[in-house]
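Dear colleague,

Please find below the sequence and structure that I am handing over to you. My notes on what was found follow directly after.

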Amino acid sequence: MRLYRRRVFVRDFDWILFLSVAAILIFGLVVLYSAGRTTGSEASYHSRQLIWMAAGLMALLFALVLPFRALDGLSIPIYGVSILMLLFLVFMPGRGADRWISLGFFHLQPSEAAKIGLVLMLARVLSDIPPGRWQIRRMIAPALVAGVPFVLVMRQPDLGTSLVFGSILLPMLFWAGLPMKAILLAVSPVVGMLAASNLWAWVVFLLILFVLLIVLRASAGFISVALGANMLVGIAAPILWNGLHSYQQARILTFLDPGRDPLGAGYQIIQSAVAIGSGGFLGKGFLQGTQKGLSFLPEQHTDFIFSVVGEEFGFIGCAGLLLLYTIVLIRMLQIAVRTRNRFAALLVIGFLGFLSFQIVVNVGMTLGLVPVTGLPLPLMSYGGSSLITSLFAIGAVLSVGLRRTRY
Amino acid sequence: MMREIDPRAREKGILLGVVLLAGVLLLIGRLFQMQVLGAEEYTAKADENRIRPERLTALRGRIYDRTGLILADSRPSFSVSVIPYQIKRDPEVLNRLGALIDVEPEELRERVRRGYSRPYEPRVVVRDVDIRTVSIVEERTRELPGVLIASEPVRRYPQGERFAHLLGYLGEVSERELREAATSGSGLGAGSRVGRTGLEKQYDRRLRGKDGVRYVQEDARGRTLGTLRESAPVPGEDLRLTVDGSLQALSESLLKNYMAGAVVALDPRTGDILVLSSWPSFDPNLFAVSVSSADWDSLTGHKQHPLLNRTTQAAYPPGSVFKLITSLTGLMEGLVKPETRLLPCLGSYRFGRRVFRCWKEEGHGSLPLRDALARSCDVYYYQIGSNMDLDRFSGVAGDFGFGKKTGVDLPTERSGLVPSKKYMNDRYGRSGWGPGFKLNHSIGQGEILTTPLQIARYFGAIATGSIVRPRLLKESIDPDGNRIDGPESVARAVSYTADLLDPVRLGIIEVVEGLRGTGGAARVPGIRVAGKTGTAQNPHGLEHAWFVAYAPAEQPEIVVCVFLEQAGHGGSEAAPIAGDLLRLYFSRKRGA
């Protein structure tokens, strides 16, 4: 199998996907330059991001040249090491809230490595299950594989990132052939938990769930299990709520009503909305953002980078950027559909899952649609770990695309 | 390779694609709503109702001496600040402001520019203005959008230059520090004043406290609409030092008669520093607001470098003060015994082809150790020096803390130098130096460099048999009145038993109390004092005068070290100062 004959490479390499990613990266540097301009750190962000970008492109290249049988082999080591690092964070004495391991020049975020590890590991586990007949016991292994990093990251405590693991698990289960009603069973308690804050909302939710289950032709036994489980969740929700950290409670409440805390967590949402909204259709222009320079948005180079896009490049810039992301995601989806190898397809779906989740949740957060979760915008936000992870994922997807006909 | 075609792949792909597109469309819809339909409303919000955080400077902690004398506190003052982005909008404001407060608009513009990287944080342009200026500016706020009057505490040092080197001074935080502070969460803001030297730097975090913040809502013209919320500043901790104000005052007044010098006094049992004085000095009040360039130039251009803390930041040859180290080396190596007399001193010593002189031309005759120390006979020490092992010598010196920092709680300290064989080989080459160099080392000359603090600590170790880490902070007191101990008192026993130390101690008692001792000027009525003089040759001019003493000789509780730059003989110049300090110390103790 000579994979690297140039004509085959040129023909099968997904140039549209790659060039869209490149365009986002370049745009990201431009925005980072601007984001740094008014905070007095003009020397650091964009130039340091350039170094991470070089490292990220190496990761992309590495994933690209690696045959995915090798990726299959790497799944256990990568998953294992990332879990060990997460454990290290949990048990590291006296540094409870830290989410990274300091390597001096670099803050390694084990949760980023765990995303890759989980995708590889789930693809391995799920591709061993033949499509067709699904049984509950087949879900035990995937649930355990996803559950361990979920719980460890939850303990950091980082609610946003632990939900990312859910965004990997669910699409992969779906792709592996889990029936819709089973997914409904898995997702409904989460939605139910939110609905449980209000009695009427909860009752309406249970009714909708019941109707959906009828439509999906679930058996009477299945329906009673699903409804029963949700009843339990509804009762447990207030108890769980009290178990959340107060800042997590504050974030959720502030999301529901930003005016509640105009100077704390709600402040970021309001300021971000004002920055984006005042950008208007065409934006205020590169380096011209007036809200950007405020100390109001302390995370404008990381989590709130999209606010800077909104203010300086307007609706055109935002929509253009989202279009680029959409192209990337749809191309990834196409690669998954065309691939004849189950492991490879699951791999792509897993990467697609966390990238799309982070994009939608991060942008939604700056627009005030989603609570402030502390998730970075892939390929744009400042930070080495996230960038390297995203580019590794893209490299693996490109590799699947390149070899799709070979398997 | 297995080829398995997933028959439902297309179907599933379409479903996922729809979910994805729905998500993206939701975002675009919201963007459209905000940026196209709602743009005007948000633009108005962005322009007209800004919430500006305003820093409330925390009161910096006070500093007291051990008796409660105030060495540093703060006084209220008013300052004029400017918000850079509003000035950019209306550049005329600076011209008007300049005319009102009598400052060149160009000068104001320059000060604003320095802060431009944080355009929304008020930038102080004139500090410590008088109340008349305050009222003039306050009356015209309408013509001066973006100009603010703020009250802020200003540091005050009531004792002037007396404690300048140990207290240090403040300076305005730099852009780089601000950037670093942003990640470390130290709570610094543009215009914050931080300790630059001395204890102000060493304990900056404790002294600084935590600034508060007030959120001010204002309109596009910078007019305040109201205060939304504020968190009160938390004052810094007060520091209570180990130094003794009246001893410090006396040492300053005595040092003033000389060109340059330093005095250190400490308690050899705990390491508590009682006096740390360096001359010439400066007035730290010059730095409290912002040092003028004329003052700065005169301080840095001064020939004697008044900013230099001579007690810790400068190292000098110790001269004969170092002879205790040579004595211990000789005793340990068995080169001398306490009672043996060496070859007689006839005013000089011939070593190979060279002649090494004793300071006393007519010679001392044949002496035992005690008299050699008391009369500081160089020839006696040349004889030890020529036979001793250099690494053994530097090992003894190292044990008494030479060649390394004392660990005192001050931010910058020199470690001095004690040459080992390796050092000499590296510096001069293996064959570039011979035993003759050791003769110089044996009388504290040559490459040896020490700080006055090191000398004081070393003498304390001779006195008690254990070497301490000197400290200036006794305790700090937080705003709630809780006492927090200063640096732990650390003492390490030196590795010399009493039978080695005692002969040396007898010798240095003789220095002060003996009829022919060189340090008689340091006698204290009723108290036995042990001391050693030093007259260090200095290639740049007159000799440096040293004197170091501890007392009472039987139960040492104070060490005094006096160093005078290019002042001549230790016995005639430095010893009287140490005597005055010891006499004050013991007379006060008796009076109490």
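This is a predicted model: local features need pLDDT of at least 70, side-chain atom pairs count only at pLDDT 80 or more; totals for chains, interfaces and linings use all residues.

β10(B) pairs with strand β2 (residues 63-64) of chain B in the parallel sense, over 2 bridges. Here B:Tyr64 has B:Arg240 as its bridge partner. β10(B) is also joined to strand β16 (residues 473-477) of chain B, by 4 bridges and in the antiparallel sense. In that pairing B:Arg240 stands opposite B:Glu475.

**The five-stranded sheet of chain B**

Chain B also holds an open sheet of 5 strands, in the order β12-β11-β21-β20-β19, with antiparallel pairing. Its edges are formed by β12 (273-279) and β19 (530-538) of chain B; each has a single partner strand, so one side of each is left without a neighbour in the sheet. From one strand to the next, the twist averages 5°.

Within this sheet, strand β20 (residues 541-551) and strand β21 (residues 558-564) of chain B are paired in the antiparallel sense over 7 bridges. B:Ala545 stands opposite B:Leu564 of β21(B). Helix α11 (residues 245-255) of chain B lies across β11 (261-266) and β12 of chain B, and runs at about 25° to β12(B).

**A hairpin in chain B**

Which two strands form a hairpin with 2 residues between them? They are β13(B) and β14(B), and B:Gly352 in the turn has a positive phi of about 60°. Strand β13 covers residues 348-351 and strand β14 residues 354-357 of chain B, and the two pair in the antiparallel sense over 4 bridges. B:Ser348 of chain B stands opposite B:Arg357 in β14(B).

**B:Gln383**

B:Gln383 is placed in helix α16 (residues 378-387) of chain B. Is B:Gln383 buried or exposed? B:Gln383 counts as buried, because it has 22 C-beta neighbours inside 10 Å and the cut-off for a buried residue is 20 or more. Leaving aside residues up to four places away in sequence, B:Gln383 touches B:Leu342 and B:Leu343. The C-alpha atoms of B:Gln383 and B:Gly330 are separated by 9.5 Å, although these residues are 53 apart along the chain.

**Helices of chain A**

Helix α13 (residues 305-338) of chain A spans only 34 Å between its end C-alpha atoms, whereas a straight helix of 34 residues would span 50 Å at 1.5 Å a residue. Where does α13(A) bend by about 130°? The bend is at A:Phe313. Of the 34 residues of α13(A), 26 are buried, so this helix is largely enclosed by the rest of the structure.

A:Leu185 lies in helix α8 (residues 180-195) of chain A. A:Leu185 is buried, because 21 other C-beta atoms lie within 10 Å, against a cut-off of 20 or more. A:Leu185 and A:Ile223 are 38 residues apart in sequence, and their C-alpha atoms are 9.2 Å apart in space.

**The two chains as a whole**

The secondary structure of chain A comes to 15 helices and 2 strands, and that of chain B to 22 helices and 21 strands. In chain A, 48% of the 407 residues count as buried; in chain B, buried residues make up 47% of the 592 residues. Of the contacts in chain A with a separation of 6 or more, 72% are between residues 24 or more positions apart. In chain B, 72% of the contacts between residues at least 6 apart in sequence join residues at least 24 apart.

**Confidence in chain A**

Chain A averages a pLDDT of 82, and 84% of the residues score at least 70. Over residues 39-43 of chain A the pLDDT is below 50, and this stretch has 9 contacts in the model beyond near neighbours in sequence.

With kind regards

Note on methods. Residues are numbered from 1 along each chain as its sequence is written. Chains are lettered from A and ligands numbered from 1 in the order in which they are written. A residue is buried if 20 or more other C-beta atoms lie within 10 Å of its own, exposed if 12 or fewer, and partly exposed in between; C-beta atoms are placed from the backbone. Two residues are in contact if their C-beta atoms, placed from the backbone, lie within 7 Å. The expected span of a helix is 1.5 Å times one less than its number of residues. The bend at a residue is the angle between axes fitted to the seven residues ending there and the seven starting there. Two strands pair if DSSP finds at least two bridges between them. Axes are lines fitted to C-alpha atoms, for helices over the stretch in contact, and angles run from 0 to 180 degrees between N-to-C directions. pLDDT is the predictor's confidence in each residue, from 0 to 100.
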